[in-house]
Amino acid sequence: MLAFWLASLFFNVGWSQTCDTENCPVVTETSYNSKLNCGFLVNDGTDGRSKKCVYLMKTRSKWPESNVFCSSLKLDVNGTEVEGGNMLSIRSRDENEKVRQYIEALIGDASIYYYPRIGLRKTCQTCQFYWTDGSPISYTNWYGTEPNTINYDCVRFYYIKNNAAYNGTWIDMTCTGTYQDLCQFEPDGKQPYDPEPINGLPTKGGCKPGWYPYGGYCYKFDGFRVDGGSGFDPAGFKKWNDANAKCNEDWEGASLAMVPTSEHNSLVASLLGPWFFGADPFIGVFGHSYYDMYFSLINEDRLMYDNWVPGKPNHAQGTQDKCVAMSWRNDANFHDSFRVGQWKSVYCGTYSTAGTNGDPHPWVCSHEQSSSYSSSVYPSWITLPDVKCGPGWVPYHSACYKLITDKKSFDDANNYCADNGESAAKGSYLITMWDEYEVEFGKSFFRDDQLPNRKPTDLPEGIWIGLKKDGRQGSDRFQWIDGIPLTRQDWAGDAGNQPCAYMDSESKMYKTSGCSEQKAFICKSEFYEVPINTYEDIDAKLGKPQECSAGWSLLGHHCTKIFEEEQTYDQAAMQCKIQGGNLGSIHSSGYNRIIKDMFTKTAHTENAMWIGMQYQGAFGWTWDDGTGASYFNWESGEPNDWQEPEDCVAMDEIGTWKDSPCRENKPFLCKKVAPTEFCSAAISSKIKSCGFIGISETECMLEFGCCFDPTIDSGNGNNCFQPKQPVDVGMAAGAAVGVTVFVIAVVAGGYFFYTKRNNGTIAGISNPLA
């Protein structure tokens, strides 16, 4: 206890000569003198990053206060007041070492513990860490197996005098305490973050046959199967070095895939499905440094962005997790959730043997485009049979796509697509994105080759997508204009405020605006059709919903229950999972009113309860159960992130929603799929898998007409399984659906495609998940 007491008095301890008054603005004789220690230069700006000083706070504050204080720093630089503050980000081993030296010098001879917070944090249990100043996570220095506590959202710089094993390492820690924290100040002013590759993109050209062209590079997959089999063949996997060598063997100069921008990463992720699923492929991101976890592109160019799964990169294998694999699908468990395209640092040996050890993986190769080959020639493996795309169209799976830079209103853009689509297609309209792979594919158009600079800034207003409120359902629900349910969600902070949706050029998430606004857009010409199950089809295929267990109420195809015990969001979410469900999702105004009425009838002291929506950074506003965010009922002025991150959503007593800090204790709504006659019969017999690994509840029930239960594993983590119904029922309700899905699944290698219906108009599909 003495050590921690001494730490609390740290700012009164005498220090050695550590102030850098030549490079860092002084705080004496300013209003900051009582709150900040002197500054110390940790980056002189010669490495291509901004010049930066570190300042230790003298006063103790909670995270929101520290963040606001650091972010609002204004100091005098050569007679000019400069706004250049943030919570401290650490971007290299050199910066980390200078921060350690700074703290050591301040402490002097005192032998105490010290744990100041830095600007690395996450905002929910399953979210990824991020630097609050926007820097990519290219360097980490976790202690031991940190981060290892899922409920700890903040990070502290670990210092113990005379203990080299701990000094300068990081630990995850709760955000709720009051501590002295570390601020940074950029004397040249806060630098706008530029995610562009340091050396730019390669010159446009063509690709060797079988390679996919995009953004100056050509991409190819290996170690997978594309013959309609299981989707992947572990016998063909290779270790990192062998995979990299095979790339060069296939095309001299090729390496594991370069992903210099987030859009390149999205393109590679989009190509992982539906053909190539079942294993995470190696990509060209690597931990090149000898002693610590510093990652860069395979050619050693600095990372200008990052896309790590939650908790990565870490030091679970010391400094041996140097190789990087890309997640091939969306997935979630009790501890983490991640999505296709995110990165995982994986074991592949120590520095001297890195790349030669560890598990083999499939892999993705890349090569710079070449003038020796024709441009805009795409490989045949990327599309289904009969998909024929003309000049200027980009082929992908079951459709052709084209970016139109002439700006139009939403309706005019959709009409243009209908009038100018591919003649052999079943229908043409604004792009609809049915699964996580097509979402990533849509993001890739922000570096389309026809853009003058091949940059997202060429499309500052964003791009119209085919997502719009359906007036025939009360103008309160979003649906794809081809009638497909919204099963994947990427909403930004303004979710649902206006009737038409577009993809934002900076965040690549969905935002809403007035339909008359003028924007560029993406056309889609769809070549395949698959009917979608209706509410009646679901009843016929799965059987009528049965009674819920005691204390639960049957609403549609779900059982719901409001728990009056007040818990934090994460605790409530865990409790719902234990019950076999999730925190409740809401998809219509009618359902919202019913839940509101249930809440007002319960005994509660809080005036709001948790529902199952949270903001997950790059993923936007998402429902915990994976269903699409098609309906919103925000209170006026919400969501607003008032004073501190408010990334979890609560419903108040009048039924409106507000964002709230996830740490607050509230009653909560749980929701789970109701038992049905034929699903219960299937559980009591031998389970037969349905759909595909990573399938969502909506996709399982609506598209495949199968049973979904998160507590049931039908194989490889799949929670979707076939109902056991009388022999004369199966084909009666949806023979065409089952046969069509089966045929396309065989062609596509075990996955299936949704399709348009009714020539691009809203079909008003009845949704049993509402």
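**Figure 1. Tyr569 and Trp610, an aromatic pair.** Tyr569 is buried, and Trp610 is buried as well, in this predicted model. The ring centres of Tyr569 and Trp610 lie 5.4 Å apart and the ring planes meet at 85°, so the pair is edge-to-face, given that planes over 60 degrees apart count as edge-to-face.

Figure 2. A pair of aromatic rings is described by the distance of the centres and the angle of the planes. For Phe410 and Trp464 the centres are 5.4 Å apart and the planes stand at 85°, so this pair is edge-to-face. Because Phe410 lies in helix α6 (residues 410-420) and Trp464 in strand β26 (residues 463-469), the pair ties together parts that are 54 residues apart in sequence. Both Phe410 and Trp464 are buried, and Lys519 lies over the face of Trp464, at 5.5 Å from the ring centre.

Figure 3. The protein chain has 38 aromatic pairs. One aromatic cluster is formed by Phe478, Trp480, Trp491, Tyr510, Tyr615, Trp621, Trp623, Tyr631, Phe632, Trp634 and Trp657. Another view shows Trp552, where the charged end of Lys672 sits over the ring, 4.2 Å from its centre.

**Figure 4. The buried side of helix α4.** In helix α4, which spans residues 240-250, the residues Trp240, Ala243, Cys247 and Asp250 are buried. These four cover an arc of only 90° around the axis, which means that they are on the same side of α4. An α-helix has 3.6 residues a turn, so residues three or four places apart point the same way. The cover over the buried residues of α4 includes the strands β14 (217-222), β15 (255-256), β16 (282-287), β18 (323-326) and β22 (363-368).

**Figure 5. Nonpolar cores of the protein chain.** The largest nonpolar core has 142 residues, and the members with the most contacts inside it are Ile118, Trp170, Leu182, Trp343, Trp491 and Trp657. Apart from this core lies another, of 20 residues, among them Val27, Leu41, Met57 and Phe69. In soluble globular proteins, nonpolar side chains tend to be buried together. As a setting for these views, the protein chain contains 13 helices and 40 strands, and buried residues make up 60% of its 770 residues.

Technical notes
Residues numbered from 1 in each chain as written. Predicted model: local features only at pLDDT ≥ 70, side-chain atom pairs only at ≥ 80, totals over all residues. Heavy atoms only, no water. Helix = DSSP H or I, 4+ residues; strand = E, 2+ residues; numbered from the N terminus. Buried < 20%, exposed > 50% of the residue type's maximum accessible area, 1.4 Å probe, protein only. Core = buried A, V, L, I, M, F, W, Y, C linked by side-chain atoms within 4.5 Å. Arc of directions from axis to C-beta. Contact = heavy atoms within 4.5 Å. Phe/Tyr/Trp six-rings, centres within 6.5 Å; stacked < 30°, edge-to-face > 60°. Lys NZ or Arg CZ within 6 Å of the ring centre and 35° of its normal.
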